[in-house]
Amino acid sequence: MTIGIYGGSFDPIHTGHAMVANFVSQCNVVDEVWIMVSRQNPLKPHATIAGDLARLEMAELVAQNCKNVKVSDIEIRRPLPSFTYDTLCELKKLNPEKDFKLIIGSDSLANFDKWKKYDLILENFGVIVYPRPGFLLPETEPEGMTFLNGAPEFSISSSLIREYIASGWDINFFVPLAVSSYIKKHRLYL
């Protein structure tokens, strides 16, 4: 069984994230997608706004409505800094019967070579690249990468949603309804 690992801070998880997880889980490149909420991206030194538990719970709300999508809390439990390669190795150690592939957006390709042991991620696990508007995929796939050409794209970001919430905007359709209700109930991002 092949698992696609879709990591990020998901602060908050939004409709675009849900679309990626749902699409990848059904396009025959993996058997399941695990949304992996991270504590802090080493290349983005800012802290997350919502707590770890809130972001995990919002991810669970999304996973419940996607085919073959689950949530992993392994990154939240790891000490900082937590690097993707180390997490993938731990996942493989805990699940030796499974193969893991990393899912990233094409916007992450520009700095992928700055990731710790990026070459070993490609060699030992592989990377699935989802297209993002304004970040064209190269003509040829590098060794260890799979491009999802033709996948539906979106131009929405968690930072934009946080700005909308802080400004008092209604965020329906930017995030799944259950996530919107969760944000309102817990008064997040105000």
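Reader: Leaving aside neighbours within four places in sequence, what is Ile35 in contact with?
Author: Ile35 touches Tyr6, Phe10, Ile13, Ala21, Ala59, Val62, Val69, Lys70, Val71 and Ser72. Contact means heavy atoms within 4.5 Å. Keep in mind that this is a predicted model, where local features need pLDDT of at least 70 and side-chain atom pairs count only at pLDDT 80 or more, while totals for chains, interfaces and linings use all residues. Residues are numbered from 1 along each chain as its sequence is written, and side-chain values use heavy atoms, with hydrogens and water left out.

Reader: Is Ile35 buried or exposed?
Author: Ile35 counts as buried, at 0% relative accessibility. Buried is under 20% relative accessible area, exposed is over 50%, and partly exposed is in between, with a 1.4 Å probe and protein chains only.

Reader: Which strand is Ile35 in?
Author: Ile35 lies in strand S2. Strands (E, at least two residues) and helices (H or I, at least four) are DSSP runs, numbered from the N terminus.

Reader: How many bridges between S2 and S3?
Author: Four, in the parallel sense. Trp34 has Lys70 as its bridge partner in S3.

Reader: Which residues of H4 are buried?
Author: In H4 (residues 84–94) they are Tyr85, Thr87, Leu88 and Leu91. Down the helix axis they fall within an arc of 160°, so they line one face. That arc is taken from the directions from the axis to the C-beta atoms. The face turned away from the buried side carries the exposed residues Lys93 and Leu94.

Reader: What covers the buried residues of H4?
Author: The cover includes strands S1 (2–8), S2 (32–37) and S4 (99–105), plus helices H3 (74–77) and H5 (118–124).

Reader: New topic. How many aromatic pairs?
Author: Eight. Rings of Phe, Tyr and Trp (its six-membered ring) pair if their centres lie within 6.5 Å; planes under 30 degrees apart are stacked, over 60 edge-to-face, and the rest tilted. Phe112 and Trp115 are a tilted pair, 4.9 Å centre to centre with 55° between the planes. Tyr164 and Trp169 have centres 4.2 Å apart and planes at 5°, so that pair is stacked. Ring pairs also link Phe112, Trp115 and Tyr118 into a cluster.

Reader: How many disulfides?
Author: Zero in the whole structure. A disulfide would need two cysteine sulfur atoms within 2.5 Å. The sulfur of Cys27 is 13 Å from its closest counterpart, in Cys66, too far for a bond.

Reader: Is Cys66 buried or exposed?
Author: Cys66 counts as buried at 13% relative accessibility, whereas Cys27 is partly exposed at 23%.

Definitions and conventions. Pairing = 2+ DSSP bridges.
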